[in-house]
Amino acid sequence: MTTDTKPQIADTEVVTYEVRGPVAIVTMNRPDYRNAQNSVMTYALDRAFTDAVEDDSVKVIVLAGNGKHFSAGHDIGTPGRDVDVTYENKAALWWDHVRKTGSDQRFAREMEVYLGMCRRWREIPKPTIAMVQGACIAGGLMLSWVCDAIVASEDAFFSDPVVRMGIPGVEYFAHPWVLGPRRAKEILFTGQRFSAEQALEWGMVNRVVPRERLEAETLALADQMSSMPSFGLALTKKAVNQCEDLMGMRSGMDSVFGLHHLAHSHNAEVDKDSLGGMDAKSMKQSAASSNGKV
Ligand code: ZN
C-alpha cells in the first residue's frame, strides 16, 4: 500500500472503448496491475458505458480486461490508488466522501464507486457480456456479475477472499443469488478459487471456451443478441432484473451493505485500518499459507 498522498491518475487510457458493428467493447486497461479497479477506472467505465448506451448503433456491450487477467479486484495497493480523490460523477445521491471521516467517509465512497456504480451498470438498458480470462477476484466478480452474461475462458478463476479481512463479502453482495446459498457460503468461508468449469456447473457463467476462442465466441454471442430489437432487449432485461429483485436481491444487498460497513468500522476500531491491515500482498501471502490457493 502506498503512503503517497498524491496518487498517479494521469492515465486517461485506464479504460479503452471500441465499437465494432453493433457491439461496443469496453476494456479495462491496467494490465500491469491485473486491472485492479481504482476510482479513475470506475469513472472511466461509467463514461464508456454511458457512451455505449447513448449510441443508437450499439446493441450489445462487451466488458473485457486487457492482459492475462480480467480483474484482480479493487485497488488496495497500486501506485494509482486514489481513495482520497473526488470525481464529478455521482452514482448515488450522497455527499462526497473526501470531506468526511471514518464510517461517514467509507460509506459515502463505497456507495458511490462500488455499490452505486455496479447497480447502475446492472441497469444498463442493453445486454452486457463479461468476457473473462485469468483472475476474476472480489471486485472483479462484481463487474462480471453486473453483466447479463459471462463467457469465460478455460483459464479463468474466481474468488471472493475478503472474509480474510473480516468482511462478509464484496460490496455488491449477489453471492446467494448467483451461486445459491450453500455455494456462496463455501466460497466465502474458504476464500478459495473456483474454476471456470466449476462456475459453469454452478450456473454462474454461460459458457467456457478455450482462451484463444474467447473473443470470437463472446462476439458471436453478442452478434446473436444484436439481431433482436433494442427496445425488446431493454424490456426483457428489465423483466429479468425485476424478477431477480423480487427474489430479494436488491433489498438483501442493502441489508448486507450495512454488515459490510460494520466490518470496515470494526477493523478501523480494533486494527490498523478498515481492511484489517491487509493489502494485496498480505492477502496473497495469507491465502498461500492456508491450504487454499489464491
Ligand atoms: Zn468495502
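Which residue lies over the face of W95? K100 does, at 4.9 Å from the ring centre; a charge is taken to sit over a ring if NZ of Lys or CZ of Arg is within 6 Å of the ring centre and within 35 degrees of the ring normal. The model is predicted, and local features need pLDDT of at least 70, side-chain atom pairs count only at pLDDT 80 or more, and totals for chains, interfaces and linings use all residues. Residues are numbered from 1 along each chain as its sequence is written, and side-chain values use heavy atoms, with hydrogens and water left out.

**Helix α1**

- Helix α1 covers residues 39–54; helices (H or I, at least four residues) and strands (E, at least two) are DSSP runs, numbered from the N terminus.
- The 16 residues of α1 should span 22 Å at 1.5 Å a residue, and the end C-alpha atoms are 23 Å apart, which agrees; the expected span is 1.5 Å times one less than the number of residues.
- Buried residues of α1 include S39, M41, Y43, L45 and F49, where buried means under 20% relative accessible area, exposed over 50%, and partly exposed in between (1.4 Å probe, protein chains only).
- The cover over the buried residues of α1 includes strands β1 (15–20), β2 (23–28) and β3 (60–65), together with helices α2 (102–122) and α3 (139–146).

**Aromatic rings and charges**

- Seven aromatic pairs are counted; rings of Phe, Tyr and Trp (its six-membered ring) pair if their centres lie within 6.5 Å, and planes under 30 degrees apart count as stacked, over 60 as edge-to-face and the rest as tilted.
- Y43 and Y87 form a stacked pair, at 4.6 Å centre to centre with 20° between the planes.
- Because Y43 lies in helix α1 and Y87 in the loop between β3 and α2, this pair ties together parts that are 44 residues apart in sequence.
- Both Y43 and Y87 are buried.
- The ring centres of W94 and F107 are 5.3 Å apart and the planes stand at 55°, so the pair is tilted.
- W94 belongs to the loop between β3 and α2 and F107 to helix α2, 13 residues apart.
- W94 is partly exposed at 36% relative accessible area, and F107 is partly exposed at 24%.
- A cluster of W94, W95, F107 and F257 is linked by ring pairs.
- R193 lies over the face of F157, at 3.8 Å from the ring centre.

**Cysteines**

- The whole structure contains zero disulfides, a disulfide being a pair of cysteine sulfur atoms within 2.5 Å.
- For C147, the nearest cysteine sulfur is that of C118, 9.5 Å away; C147 is buried at 10% relative accessibility.
- The sulfur of C243 is too far for a bond, because the closest cysteine sulfur, in C147, is 20 Å away.
- C243 is partly exposed, with a relative accessible area of 42%.

**H260**

- H260 is part of helix α9 (residues 249–270) and is buried, at 3% relative accessible area.
- Beyond neighbours within four places in sequence, H260 is in contact (heavy atoms within 4.5 Å) with E110, I167, P168, G169, V170 and E171.
- The side chains of H260 and E171 make a polar contact at 3.0 Å; this term denotes a pair of N or O atoms within 3.5 Å, where within protein one must be able to donate a hydrogen and the other to accept it, and residues adjacent in sequence count only if both atoms are side-chain atoms.

**D155**

- D155 is found in the loop between β6 (149–153) and β7 (157–159), and is partly exposed at 38% relative accessibility.
- The side chain of D155 makes a polar contact with that of S153 (2.3 Å).
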